[in-house]
Amino acid sequence: MLASPTAGVVRRPAPAKQEPPPLFSFGVIADVQYADIPDGRSFLGVPRYYRHSLSVLRRAVKSWNNNNPAAAAAGVRFCVNFGDIVDGTCPRDRSLPAVRAVAREFEAFRGGPAYHMLGNHCLYNLPRADLVSELRMPSPPGVAYYHFSPYPGYRFVVLDAYDFSAVGRPRDHPVAAAARAFLEARNPNADKNSPAGLQGTDRRFVMFNGGVGGAQLRWLDGVLRGAARRQEKAVVCSHLPVHPRAASHTGLMWNYEEVMEVVRRHGDCVVACLAGHDHKGGYAVDERGVHHRTLEAALECPPGTDAFGRVDVYPDRLSLVGSDRMASTEMLLNTSSSSELAAA
């Protein structure tokens, strides 16, 4: 009997199909809140590592520069800093050097531009105009919000969450006065940074939060209308979160509903809203399938730990590759099943 021509042949499984590289990648970090002072605690007693946060940023930039081999073909094209680069406890005479120390770390990023936004701690330390200049925000004159397109088919929108705010302006400024009146009507506490007695999402009415003003809302509507017309996917970036399930109620934007009304107006254009501010982080998917990811804070990383990430952008998803205390998150696009996404 003749032997089979395949006798003795070892059958090996076909090699796994290699996933194509992402379209592009970008780095993310939130709430560095650097200050050259000893470690301290938040008003809730959470430890804060003011000097170590600069080391977290330094390692983030090194990681983005080295890049993960899986994303090497696209590279990290830019990075986004989600506000609060210095802490409010930083002595005022050292605030500008602290801002510049953080900015120098971002300047070591070789992949492309670093995009910044205003946070409440930034505004405790320096005037708005000085921050816009020091951080080289590509915003129109007199404002701190802007948009950019890093890749064909994608639009990134950076909001000024303290456009309407009681911080960052002189007390006699019309916006500051209107914001204080707004808080007086909604927060009965003598200390307007306290949410004591407020319930549910009303806990957001504290002085360390803020909102997007009418002119900026109209601007956002126009930017998203243009993005939808060009069939671009939009990512909205803000220091303050805009979804109640993606952050604590105390950390929400004052007028998050108005921002989300604009977002919903433009159908499937907006795919994600990314934010900082609420240091523990959070994640939710709304009824339209928009992903809301609040990023964990660099400030609260004990020595030896990190919190930063890289977002790999694919045609069907945004993949946040987190380091250490920043959780990795897969954000699938073009689906209306929020329950399935939230469970993924």
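## A first look at the model

Phe-43 counts as exposed, since its relative accessibility is 66%; here exposed means over 50% relative accessible area, buried under 20%, and partly exposed in between, using a 1.4 Å probe and protein chains only. This is a predicted model, so local features need pLDDT of at least 70 and side-chain atom pairs count only at pLDDT 80 or more, while totals for chains, interfaces and linings use all residues. Residues are numbered from 1 along each chain as its sequence is written, and side-chain values use heavy atoms, with hydrogens and water left out.

Back to Phe-43: you'll find it in the loop between strand S2 (40-41) and strand S3 (47-48). Helices (H or I, at least four residues) and strands (E, at least two) are DSSP runs, numbered from the N terminus. Together with Leu-44 and Val-46, Phe-43 makes a nonpolar surface patch of about 350 Å². Like charges are joined within 9 Å, and nonpolar side chains (Val, Leu, Ile, Met, Phe, Trp, Tyr) within 5 Å. The areas come from the Shrake-Rupley method with a 1.4 Å probe, and for residues only the protein chains shown count as cover.

Now for some buried residues:

| Residue | Relative accessible area |
|---|---|
| Phe-24 | 0% |
| Cys-79 | 0% |
| Cys-237 | 0% |
| Glu-105 | 15% |

How many disulfides are there? The count comes to 0, taking a disulfide as a pair of cysteine sulfur atoms within 2.5 Å. The cysteine sulfur closest to that of Cys-79 belongs to Cys-237 and is 12 Å away, which is too far for a bond. For Cys-237, the nearest cysteine sulfur is that of Cys-273, at 8.7 Å.

Glu-105 sits in helix H2 (residues 95-107). Leaving aside residues up to four places away in sequence, Glu-105 touches Leu-54, Leu-57, Arg-58 and Val-61, where contact means heavy atoms within 4.5 Å.

Next, the sheet. Six strands form an open sheet with mixed pairing, in the order S5-S4-S1-S12-S13-S14; two strands pair if DSSP finds at least two bridges between them. Strands S5 (114-115) and S14 (329-332) stand at the edges with a single partner strand each, so one side of each has no neighbour in the sheet. S14 runs antiparallel to S13 (residues 317-322), and 4 bridges join them. Leu-318 has Met-331 in S14 as its bridge partner. Phe-24 lies in strand S1 (residues 24-29).

How values were computed. Patch = residues over 30% accessible without salt bridge, like charges linked within 9 Å, V, L, I, M, F, W, Y side chains within 5 Å. Salt bridge = Lys/Arg side-chain N within 4 Å of Asp/Glu carboxyl O.
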